[in-house]
Every structure is written in structure tokens, then in C-alpha cells.
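Please consult the sequence and the structure alongside the text.

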Amino acid sequence: MIEKKIKDLSESMVACFFEHKEEDIFASHLSEKLLWISEEQERYGKQAILSYLRQLRDDYHGKVAIKQQDYHVFSLHPLICFAVGTMTIEMNLEEDQFKKIDICISGIWQEEKNWCLTHFYSSIKDERLISRNGSLSLQQQLEVIQKAAVIDPLTQINNLQGFEEEVALLLKKYPKQKYVMIKFGIRDFRFVNRRHGYKMGDLVLKHIAKNLFATLKEREACGRMEKDIFAMLYCFEDKPSLEQRVEQLEAVLIDPQIRQRLETKIHFNIGIYQIENNHAEYIKDMLDKALIAQKKGSRSISHRHHYAYYEEWMMTAQYQRSKLLEEAPKAMEENEFSLYIQPQFDLTSGALVAGEALVRWITKEGIRMPGEFIPIFEEQGFIFSFDYYMLDKICQQMRKWIDEGVEVHPVSTNQSRLHIEEENYFKDFCAVIDRYQIPHEYIIFELTESAFVENSEKMIKLTKQLHEHHYKIAIDDFGTGYASLNLLSVVPADILKIDKSMLKGYNTNIRTQIIIEKIIQLAHDIGMSVVCEGIEEQAEWEYLKKIGCNIGQGFLMGKPIEAEAYQKLWLKTTNH
């Protein structure tokens, strides 16, 4: 029975703590979102609580012994149990002086990957809560505990389970009411955490929850689903009134003092699903449809408020995305991903100086371009293995050229910014290259400008490691992201790649010309070479050569082609 398992877990957890052993087992049964409330204060988060408990154990190691303990477990839900207990501990305060203390504890266990403690309460035993047979009376605690099981501990509004339960009641109680399910997340919330710290991030979430709850009218509900994702059930009259309400969210959910402290504007990605009149769908399906619309809204960067309504075609598109992701591992095994290379030329001499490695997915139906699958790979985490797979292809090809006596030029490889969070990324990156004995000078490590901004501290560390091992570093898509000039002052990159969008209108806009020329001059002054992408006309080549740009890349000089064709067209065979 699950009650016995939770009783045994509760007893062993307490024993682990007081007897100072089996810490891995102890930690493995604490939820990441653990909330601990004691008579002293409230603590939130597994790591913060573990740190405090370790200090407590060190302070009292050898001075505390359990003399008696009694546990009772009650199942509130197939995946939720409530455990209560009383115990007597004996403390050795001074030599030969012992003190006995009666303690009450209670907690909520929830099934996550395994059974984890999500809420924990501790206090000195209160006789008023103890029944005649010595067990805890639930009359005064059960309501609070049951509420805690459905309340998000950080924001104090509904969690996912609480939201689903409240929505189910409302839909059943008001079957004729027209409703919409709305789901939203904070756009680029990671920047708040990285720039201001997680404490500030938590404060933002608390304020959003408080203000979101205040927007509710009668017959409505809201909740925090996870991380920075919230949901609400709003009454629906018509689209104009709903959109007016949704568009006000950015203004009403962030308090002015918080906005001032952040020194930046918060934007939301919002998805809206209009619930069918019969309210017969599963609530999870409603939330899924709102999420699909939310993702669509997040990609609609041209829309000021980043919201979108769910439409049936979105589900089809979602299915296609899932299908594409399912096909990718097999496509890797069957070598459907082909290595393409686009040449880069010295703008003065016209000589080939390097190439950029690209990928095309060759299927029976045709060629899939990177924009169709790379964002999906990144979103689902498949990019981690895929980038290593393509790096291996690049190294295989370069090894072949070296062995055949072909003149080898450096090749740049695009790496996802998500790798920066991997602890062993640099080591694993080098391992692929060194396995083929490719000189590091032939590999250009290329990351988008946004990657350097999002992970500035880790990127500075990584660039130092790359330089120490003789790799070159390129900043891609320069001019499309954030804080570009400041980026040049902190990241010691070797190559600056100017995005093709900066070339647009250069011949009719003097401001554009000045900006391009100053960027090139600035890059040269700090020792960087400059590659301009997207050159499609001879006049662009001549203009860039005139203002001192080093290298050009674009359809005018050469389109991306398969590696074998690249070799035949652009590489020379040298003598062994």
C-alpha cells in the first residue's frame, strides 16, 4: 500500500537527518519546489533548504537522538499523500544535561519522478492538536494541508492541479457561460534572472500572480503552471473586449516600482483558446491548445503584444513538428543530413579564405532548409546531439581533404547557444575535433550575438579556453541582437560577421553607410577581421571593399553547396 510506503519514507527521512547518514537518499526525496514552514520562518526551494539543514545537522551532530516517533499517512489523491507525525527528541545541551523536546511534523508527498516531499511543516507539539490516543487530530490541519497541495508555494495562487480543479468546477457550474483559456509566459524571462538574480525573478513572479488574481471577475480562475508560465480562465463576450483586456496585461501585471527596478519592459507571449460551448473537452487539452497558440504568438514578433488565437491548423502544424522530431534520429542514422559549405572570399584579392559549414536535410520529398528544423531541435533539446553529429561530419570531411593533399581553409561551425550551459561542453567539443586530428586553427567557433549576451560570464570563460587551444571565434548575426557595441568590449572574438540585414538600403541611406563604416573601423581597431554576409550584387562587393571590409560571403560569390562540390569548385590539390 502507498500509505505504508510513505510512512516508511517519512520515518527514514527523519532518521537520515538526525543520524547524519545517507544524504543522497535524503536529498533524492526532496522536491525542487519544496516549501518548509517552521515556527521560525518560511523557506522555499530544495537547494536553499538542503543548505540550511546541512548546517543544522553539523551544528547538532552527536547531540540529538530520537527517543520516540509515530506516523500516520492519509491518501488525498492517487498521487498525493499527507503524512503527520509526532516525535520526542533528546538533546545533549551540556555535559550530562539532557533535554527532551516533543515535535510535530506534517508534510505532503507527491508523485513526481518518484515520491517527493513538496511541503513540510514543523513545530513544537501543541497538545490541543493531539487526540486521546496520541495521534495528530486532522480537524484543524487537514484543510490547510489540502489547500497547500493545490497552491503554488511561491506565488500563493493555484498550481496546475488547483487550477484544473477550480476550472472543472466553474465549467460544470456555469455550462452556458462562454469562456476562453489563456496561457502566457514572460518573454525572455531568463534575462531577468541572469541580470538581476533569482531572488528578483521570484519577486517578479509573485507580483504578477498577485496582480493576475486581481484581474479576475466572478466565475474566473487563474494559476501558475510552472516556472514563468501562468494560465487563466476568463469569461468571453466578444473579441474586441477580450483583446482590450489582454492588451492591458502588460500594464497591470507589473507594478511600477518593479518595472523601475528592472530598468526594462516586460513582454508576454500569450495564447488564447476559445472553449467550445459544451465544455466537454479535457482541461489538459484546453491548456495544450492555449500553449500551442502561445508558441505561435511568441514567434509573431511583429505583433506588439505577442498574442495569438488557437486555430485548428496549429494542431496540424504541431503534429508535423512532432513528426519531424521523431524522424530526425533515423535520418541521422541513414545519413540524410548533408554537409553544405558556403565559401568566403577576400574582398580585395578575390581569393578563397574560409567556408561556413551549413546543413540541409535531404528527403524523398525534397530538401528541408535549416530554418524548418533547427528551431525545433533547439526547442526540444535534440540540438545537443545534432550539433556534435554535424561537427563530426565536418571533421570527417576535413580529415579526408588533409589525407588527399587538398588545400584546406578554415571552416566555421555554428553551435547552439544552449551548449553553453553544458558543464563539459568545451571538453566534448575538443574531443570530436581531436579524434580526427584536425589542427585547431582550421576550426572557427561561431555563435550568434544573442548567445554572447545571454551567457556573458560563461562565454567569456569559454572564449578564453578556445583561444588557449588556438581556435578562432566568430560573432554571427552582428547587428540583429542586443547591446552590440558593449559586446565587442567584453568578448575577445576574432571575427565579426555583419548580418545581411545591415546592407539593406546602404546605397540610399547615409545613416546606414555611416553605421556600417564605423562598425568595420571599430572592429579593425580592436584587432578583429570583418565578414559581411548576404552580398548579392557587384555594387555591394565594391562598396564593402572600398570601406575596408575584409571578407565577403553571399550568393554573388558562391552559394552553399555540398562538401564534395565545394572541394571540386574551390579547393586546390597540393603536393604531398
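At what angle do helix H6 and H7 pack, and how far apart are their axes?

## The H6–H7 pair

In this predicted model, helix H6 (residues 189–196) packs with H7 at an angle of about 135 degrees, and their axes are 6 Å apart. The two helices are therefore oblique to each other.

On the H6 side, the residues that meet H7 are Phe-189, Val-192, Asn-193 and His-196. Their counterparts in H7 are Tyr-198, Met-200, Gly-201, Val-204 and Leu-205. By class, the residues of the contact of H6 with H7 comprise 6 nonpolar, 3 polar and no charged.

## The chain overall

The chain has 576 residues, of which 49% are buried. Its secondary structure amounts to 21 helices and 21 strands. When contacts between residues at least 6 apart in sequence are considered, 64% of them join residues at least 24 apart.

## A five-stranded open sheet

An open sheet is formed by 5 strands in the order S8-S9-S7-S10-S11, with mixed pairing. Its edge strands, strand S8 (221–226) and strand S11 (307–309), each pair on one side only. On average, neighbouring strands of this sheet are turned by 20 degrees against each other, direction ignored. Helix H7 (residues 198–215) packs on the sheet, where it touches strand S7 (179–186), S8, S9 and strand S10 (268–274). The direction of H7 makes about 5 degrees with that of S9.

How many of the residues of S7 are buried? The count is 8 of 8, and the strand is thus described as mostly covered. In a regular strand the side chains alternate between the two faces of the sheet. In S7, Tyr-179, Met-181, Lys-183 and Gly-185 point one way, while Val-180, Ile-182, Phe-184 and Ile-186 point the other way. All of these residues are buried, Lys-183 included.

S7 pairs with S9 in the antiparallel sense over 7 bridges, and Val-180 stands opposite Tyr-234 in S9. The pairing of S7 with S10 is likewise antiparallel and extends over 7 bridges. There, Ile-270 in S10 is the bridge partner of Phe-184.

Which residues of helix H13 (residues 370–380) are buried? They are Phe-373, Ile-376 and Phe-377. Seen down the axis of H13, these buried residues fall within an arc of 105 degrees, so they line one face of the helix. An α-helix has 3.6 residues a turn, so residues three or four places apart point the same way. The buried residues of H13 pack against helix H12 (312–333), strand S12 (337–346), strand S13 (352–363), strand S14 (366–368) and helix H14 (383–403). Just after H13, Gly-381 takes a positive phi of about 85 degrees.

The axes of H12 and H13 come within 10 Å and cross at roughly 85 degrees. H12 contributes Arg-321, Leu-324, Leu-325 and Ala-328 to the contact. From H13 come Glu-372, Phe-373, Ile-376, Phe-377, Glu-379 and Gln-380. The residues of the contact of H12 with H13 divide into 6 nonpolar, 1 polar and 3 charged.

## Helix H15

The buried residues of helix H15 (residues 425–435) are Tyr-425, Phe-426, Phe-429, Cys-430, Val-432 and Ile-433. They cover an arc of only 155 degrees around the axis, which puts them on the same side of H15. Lys-427 and Arg-435, on the other side of H15, are exposed. Just after H15, Gln-437 takes a positive phi of about 55 degrees.

Lys-172 lies in helix H5 (residues 160–173). This residue is exposed, with a relative accessible area of 71%, a value over the 50% cut-off for exposed residues. In sequence, Lys-172 and Ala-280 are 108 residues apart, whereas in space they are 9.4 Å apart, C-alpha to C-alpha.

Definitions and conventions:
Residues numbered from 1 in each chain as written. Predicted model: local features only at pLDDT ≥ 70, side-chain atom pairs only at ≥ 80, totals over all residues. Heavy atoms only, no water. Buried < 20%, exposed > 50% of the residue type's maximum accessible area, 1.4 Å probe, protein only. Helix = DSSP H or I, 4+ residues; strand = E, 2+ residues; numbered from the N terminus. Arc of directions from axis to C-beta. Contact = heavy atoms within 4.5 Å. Pairing = 2+ DSSP bridges. Axes fitted to C-alpha atoms, helices over the stretch in contact; angles between N-to-C directions. Nonpolar A, V, L, I, M, F, W, Y, C, P; charged D, E, K, R; others polar. Parallel < 35°, antiparallel > 145°, perpendicular 65-115°, else oblique.
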